[in-house]
Number of protein chains: 2
Amino acid sequence: MDFKVLFQPEGIESSGLPGLTVLELARRANIGITAFCGGRGTCGKCQVKVEPAPAPNELEKKHITPERLKEGYRLACQTKIIDSDLTVFVPPESRFFNLKVLVSGLTRDIKVHTSIRKYYLQLQPPTIEDQRPDWERMKSAISAASGFKEDDIIASIYLLRRLPTILRTSNFKITAVLEGKRLISIEAGDTAGQSFGMAFDLGTTTIVGSLLDINNAREMAVASRLNPQSTYGADVVSRINHTITEKNGAETLQQAVVGSLNEIIAEVCQKSGISPENIYEIMLVGNTAMEHLFLGLPAAALATSPYVGVYQGSINLPAKKMGLAVNHDAVVRVGPLISGFVGGDTVAGILATNQHHERALRLFVDIGTNGEIVVGNREGLWCTSAAAGPAFEGATIHFGMRAEPGAIDKVKITDRVLCSTIAEQPPRGICGTGLVETVSELLRCGIISEDGRLKSRCDLTDLPKEVLKRLQEEKGERRFVLAPETGIAIFQKDIRQLQLAKAAIAAGIQILLAKIPISLSELDEILLAGAFGSYIDPEAALRLGLLPLVPLEKIRFVGNTALTGSKMMLLSQDMKDEAENIPVVCRYVELFHEKGFMDLFVDNLSFPIPNLL
Amino acid sequence: MDFKVLFQPEGIESSGLPGLTVLELARRANIGITAFCGGRGTCGKCQVKVEPAPAPNELEKKHITPERLKEGYRLACQTKIIDSDLTVFVPPESRFFNLKVLVSGLTRDIKVHTSIRKYYLQLQPPTIEDQRPDWERMKSAISAASGFKEDDIIASIYLLRRLPTILRTSNFKITAVLEGKRLISIEAGDTAGQSFGMAFDLGTTTIVGSLLDINNAREMAVASRLNPQSTYGADVVSRINHTITEKNGAETLQQAVVGSLNEIIAEVCQKSGISPENIYEIMLVGNTAMEHLFLGLPAAALATSPYVGVYQGSINLPAKKMGLAVNHDAVVRVGPLISGFVGGDTVAGILATNQHHERALRLFVDIGTNGEIVVGNREGLWCTSAAAGPAFEGATIHFGMRAEPGAIDKVKITDRVLCSTIAEQPPRGICGTGLVETVSELLRCGIISEDGRLKSRCDLTDLPKEVLKRLQEEKGERRFVLAPETGIAIFQKDIRQLQLAKAAIAAGIQILLAKIPISLSELDEILLAGAFGSYIDPEAALRLGLLPLVPLEKIRFVGNTALTGSKMMLLSQDMKDEAENIPVVCRYVELFHEKGFMDLFVDNLSFPIPNLL
């Protein structure tokens, strides 16, 4: 006959036949209890308070302190239903945490499970009768705690050199930190609660890092820096050129970025009062070139056809070897790539939005210097990268600037011209979203023709006077002034730059949609990712023809999915494995070798629907 | 019905039923044919010439050149007996080599089989249609050649950084060097024939290194250096003290020894015209303290009871991390240890002499500053280390010196005193063997009493005049002059030093013999190892009571078994595995905690059998 187990504090009841363990019932009830050893009773992590508590067995006596045993704590894997109902309290330290990823309503529920494990060990000091060397002594204690075979446990010479001193100064009471079966740190006393990791999004322009508690997925702090490689070129190609033409150029670029990563690490550690020594794992994603430059890999082949990188699968390497100021034996993992132009940031984006698993047919667009585009669903994914150029990031635009305080980012034309700036600072220039909105408004008011030409004043006499006077002409070039006091304006050639950029992306999207093939009406959603994607006015994007014409409600902002995906990979082995498989299922399309791409590109140069909305 | 296969050039015949492969028959006939892939047809290494040659299959067409196919070459693993006898010629390049270890008549036949493999690969350069990254391209080619799964093949970031350039400068024709499944080198063109390793014996006094071709076990060159740590102390304890008392003492000692290893590497490479870049594996054995100091591990705990080291099993680590000037990704393996005082050199000695496998009951003695002693056979081994002090190495002896040119090493007393020196140079001092021989001769002639006292001239009036006048006395201390022109003599206190040293070893031997237990008559052999063991006069050793009293013919010199064992481990995975198990089967005896040791030590201080021989 079945007996009931009431799990607290959830108040969830589960029942089963005598002989079943509390751990098995917890699994059925979907209550996460940590059991690194899989329920063999060797890890001692599944301690729960049981009422009425059965007599403890030997394993329980070994792993549970006498005080806790007295309080009724037992191992969930060792406690079986016998002949009565049980009440089981699952304390926080025995739970594994799920990471709820929130990407604007898209949620993924992830089991937090890294390969980092900590074991607090109280060793017996050596005696004449027990002359085992320190490392053999450690291995045997780790083996007892973890269930790993002694012979499988390894350590670096760096740790072995420190082992005798740490053991003797800590009175042989230490915490062993393992990454898989590799000992990566030995810490005096009990530090089992201190386990952290860093997730990075290494962008061409901005680097963002998040410090996470890998025991419970809590984000401790976030910090960011401009990518210092920018001084060697705003775009990827000029940085690659720097590595080719300058002696030690690759090393310079690498050290620059490592310096910023270390600044971010120092900042988040300082903010949260955590020692960098307790950071054991780092996950980093970026586009293909950024990852190559970070790793110090030759990137020259990425700059010329057939655009071949060095690697595709993710790369693991010692953080110290990379110059990262964290635990000496920490590992840095650099995300897998899809192609020479579609990198780990896009893989992270697919992972974060779950595009590869959902039934919904989605178009994912991350617009920066390159526009990474992914189309498809669980049946199949196609991706490409459209060379938009740096227009959306403000470069190549006369008054262009990055989305920083003082950048004009919102523009409305009514009976006059209304602009707002980031942080409400006096206007200093125009950022990408400001450019898109301005052109969209100019189109809506008919100031720009279908082919992108700023019309002459004579053709626009019915415009409000306040608007009309902003349309000016000097030395044969027309411009539209946004901030008369500073002269900040959009020039005809800026509009041409935008046309080129949006045509590349729009044509790329159309090529990919045709791959499935899929009609616009079948598209369930457009996901806009990245900083630009998060601030752009979707109406403006539709009016420009940057995005295909779908109902507004189908457009969703998903934020920095590169960072989100990076965190997911950091925190979960399952996510690492999933990410590794994304380049296998996501087919890359090389736009310039697609028949019809150039025609589509030219078609998309014009603004076909100026009065759409 | 059975058909015959005649293997040439051996002329060995083997027979089997139709369906059996030539490879299988070769194995039965104990003919070594290389088959890295285990006979799956993927490595292409087992090419043999077959008469009559069957039609080649697809695998054979892939791995064998058209010319060779025409000549009748086939893969041994793919060629089956069908309906006729065959003649099979096994060319040298398809054989694996056995290493015949000759230790003064003791031979071990070892299958040469390291984890280093070279594959010559001709890759297809990337195209628009095949944009695989360089490393994916490499992995797929390595996988095809080796049979390893692509995902299992790994490489360091160091190699990945070099990969694009090497591929492009070598026109995508390269040799991949693998250690297990780890790519450790990429070399332009076909270098498959160039694979070398170094075996080291890291002695307290002398370091010896041997450069070996790991394809065929050929020794290319040998070189040696004095251990430069000697300037920090002749014995192990004073070097350990240096690491404790001096800041960076451990680092200094480590760098000193690494410097000498690099000198040896440079010398053997220069002698044999080989690039250090083609050295992929290093094996090093030494006593426990020497290995710890080489690895930069704290050795303090080795100097005080309970004499605990850091590790026991062998240690693998990157050679570059140790500062060794060989291939960047080469591995250095440091031999397993038995205890704080019985190290990798003794493990190598047991391995080389096969003491752990033979039925013969043997006593193995390697005399240096410590005398390592091993007693037993395949039924069980006991070992210990007796603190002989540096007397046998010439230190603490008034005119003592190392066994270098000019050292008196042979002494005979007839009607006069006959001495010879090493390299027949003018006498500069007395080395360990000279000391032993002198005391032995003095004992034989009755000049030394049973308790080790140099008698007075008055008691020795019947000695030849030429001998008697060598016995002199000054300031109350007696001495026996060996070289009157230089005054080189043995002093009474030198004899006391020798008594202490030999008593320690003799008592150690007696303790171990009692462990089995075994009587002297049951002892089949005494093996004398090491430089001292190779030059000592066995008669003298018996007369002094250094060795137990066995018939002279039972004493055998086995040379530098530490180096021999080191080479064996370098060349053979089987030997590595065997060595790893020796500390498990060889029980260590701590003499100072053995009841009766001090009594035996005191008993052995005297010379009980002055006129034995």
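The model is predicted; local features need pLDDT of at least 70, side-chain atom pairs count only at pLDDT 80 or more, and totals for chains, interfaces and linings use all residues. Residues are numbered from 1 along each chain as its sequence is written, and chains are lettered from A and ligands numbered from 1 in the order in which they are written.

**Symmetry.** I superposed chain A on chain B with a rotation of 180° and 0.1 Å of shift along its axis, RMSD 0.4 Å (least squares on C-alpha atoms of residues with pLDDT of at least 70 in both copies). The two copies are thus related as by a two-fold rotation axis. The same surface serves both: 97% of the contact residues of chain A recur in chain B.

**Contact.** I found 33 residues from chain A and 32 residues from chain B in the contact (C-beta atoms, placed from the backbone, within 7 Å). On the chain A side, α4 (134–146) and α5 (157–169) each supply at least two residues. The largest share, six residues, comes from α5(A).

**Sheet.** I then traced five strands of chain A in an open, mixed sheet, ordered β2-β1-β5-β3-β4. Helices (H or I, at least four residues) and strands (E, at least two) are DSSP runs, numbered from the N terminus; strands pair if DSSP finds at least two bridges between them. β2 (12–16) and β4 (73–75) of chain A each have a single partner strand, so one side of each lacks a neighbour in the sheet. β3 (residues 47–51) of chain A pairs with β4(A) in the antiparallel sense over three bridges. There I saw A:Lys49 opposite A:Tyr73 in β4(A).

Notes:
Contact = placed C-beta atoms within 7 Å.
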